[in-house]
Amino acid sequence: MQDILIVGAGVIGGSIARELSKYNLNVVVLDKETDVANGTTKANSAIVHAGYDATAGTLMAKYNALGNSMFDKLSKELDFPFKRIGSLVVANSEEERKHIEELLERGIENEIPGVKIIEKDELQKVEPKINKSAVAALLAPTGGIVGPWEMTIALMENAVDNGVKLDLNTEVLDIEKIEGGYRVITNQKNYEAKCIINASGVYADKIHRMVAEETFKITPRRGQYFVLDKTQGELVNHVIFQCPTKLGKGVLVTPTVHGNVLAGPDAEDLSDRTNLATTSDRLDFVRKHALESIEELNFREGIRNFAGLRAQPSTNDFIVEEVEDAKGFIDVAGIKSPGLSSAPAIAADVVEIAKEILGNVELNKEFKPNRRKHYEFITETAEKKAELIGQDRRYGNMICRCENITEGEIVDSIHRNVGATTVDGVKKRCRPGMGRCQGGFCGPRIQEILARELGKSLEEIVLDKADSYILTGETKK
């Protein structure tokens, strides 16, 4: 019997797994997808919120403020991209100024460092391309940007390094209460665990109902985005928010950690938990509102559109607790924005709940806080490049010319302890296919490398989902 079973391998599940690996516990993480970070974590705004927005006294306010402060240390230990570039909430009228004044008061109440209102002259100095209609903005210097899937992969790699087991392609079908814990029935095999942590995103209410009466509902809220080419990267210096609406923080415009520009999302409540389609009308909405922040954005430089689903809870707050009528079962549910920002702090609290359930938990004296270095060849010094090529000549073979990714980096991403098995899995780890051509040239080479390194045929290599086959057979002999 496992000590702890975590359902879900997104940023929340990964954060909890890594935190649990600091203790002598038998922990297994299950996810129905082919890879970690394949749900909400894969498709979001990639923002580390400062924490001024959440209502004081809520779990969102508590965990956002705490989580934000943990990113510097965590990113250094685990080698994932993170930058504190600051955020702005822009008021385009005196009426909207009232909104940012309310946000300032909330930020002070939440003890967010450095929040202040800057007037038009200063705003145009720090953000020269901001629309001329802007009259003021709330500046939050601790706001930042992060690579959400790189972060999750790093968390899970480090957790596995420290003894956690990860089982992908494993869908939870039912959970039964048994003496001393639970039996988890999946499409692969059955598991038994003393404690279960439900970190299953938009499916969290369904997993909850397997063991207890319904106490909350999750509504999938779809948001659609534009990714703009790096040619647009110099137009924006901060995360730029518009004044919030009832459905969220509005359309944002932000740099990404890799130099692109991201615009979005809209907000649309759905019933289908799998609907990731993009639609022309909603993308038109995003484009229109993004231009209200930076009118010089050139959407003809768009290289990709995508949609993500956020878990909107009926409680309107995070749910982090042991279930009253299912002892040993912990819900970590409704983790919508600012969930990414809050993940490290949520994990710390969940581990304390789990320790109280299990009792007599000892520290893992062999815990290793750092993961093995992931090299980005193009950013290394000439000496380091020569060293890498000397160790493995494949670092001298450029595969993705848009992002300057070498064969050596791709092979490394496949053979790490939470390695890529799909084309998108390679893409998330080292970025081939993330550039202007979106894999049009390097995609077939990535398939070939995956097939070779995994000992599979080309037909067996999938894009992302288990059934997302790219090739079905030869057309000519």
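**Exercise 1.** At roughly what angle do the axes of helix 2 (residues 59-69) and helix 9 (residues 339-358) cross? Work it out on this predicted model, then classify the pair and describe the contact.

*Solution.* Start with the axes: those of helix 2 and helix 9 come within 6 Å and cross at roughly 105°. Next, apply the cut-off: angles of 65 to 115 degrees count as roughly perpendicular. Helix 2 and helix 9 are therefore roughly perpendicular to each other. Now look at who meets whom: the helix 2 side includes Met60, Tyr63 and Leu66, while the helix 9 side includes Pro344, Ala345 and Ile346. Sorted by type, the residues of this contact comprise six nonpolar, five polar and two charged.

**Exercise 2.** Trace how strand 11 (residues 181-186) pairs with strand 10 (residues 172-178) and with strand 12 (residues 190-198).

*Solution.* Take strand 10 to begin with: its pairing with strand 11 is antiparallel, over six bridges, and Val172 stands opposite Thr186. The two strands form a hairpin with two residues between them. In that turn, Gly180 has a positive phi of about 85°. Moving on, strand 11 also pairs with strand 12 in the antiparallel sense, this time over four bridges. Here Tyr182 faces Ala193 across the pairing, and a hairpin of three residues makes the link.

Key
Residues numbered from 1 in each chain as written. Predicted model: local features only at pLDDT ≥ 70, side-chain atom pairs only at ≥ 80, totals over all residues. Heavy atoms only, no water. Axes fitted to C-alpha atoms, helices over the stretch in contact; angles between N-to-C directions. Parallel < 35°, antiparallel > 145°, perpendicular 65-115°, else oblique. Contact = heavy atoms within 4.5 Å. Nonpolar A, V, L, I, M, F, W, Y, C, P; charged D, E, K, R; others polar. Pairing = 2+ DSSP bridges.
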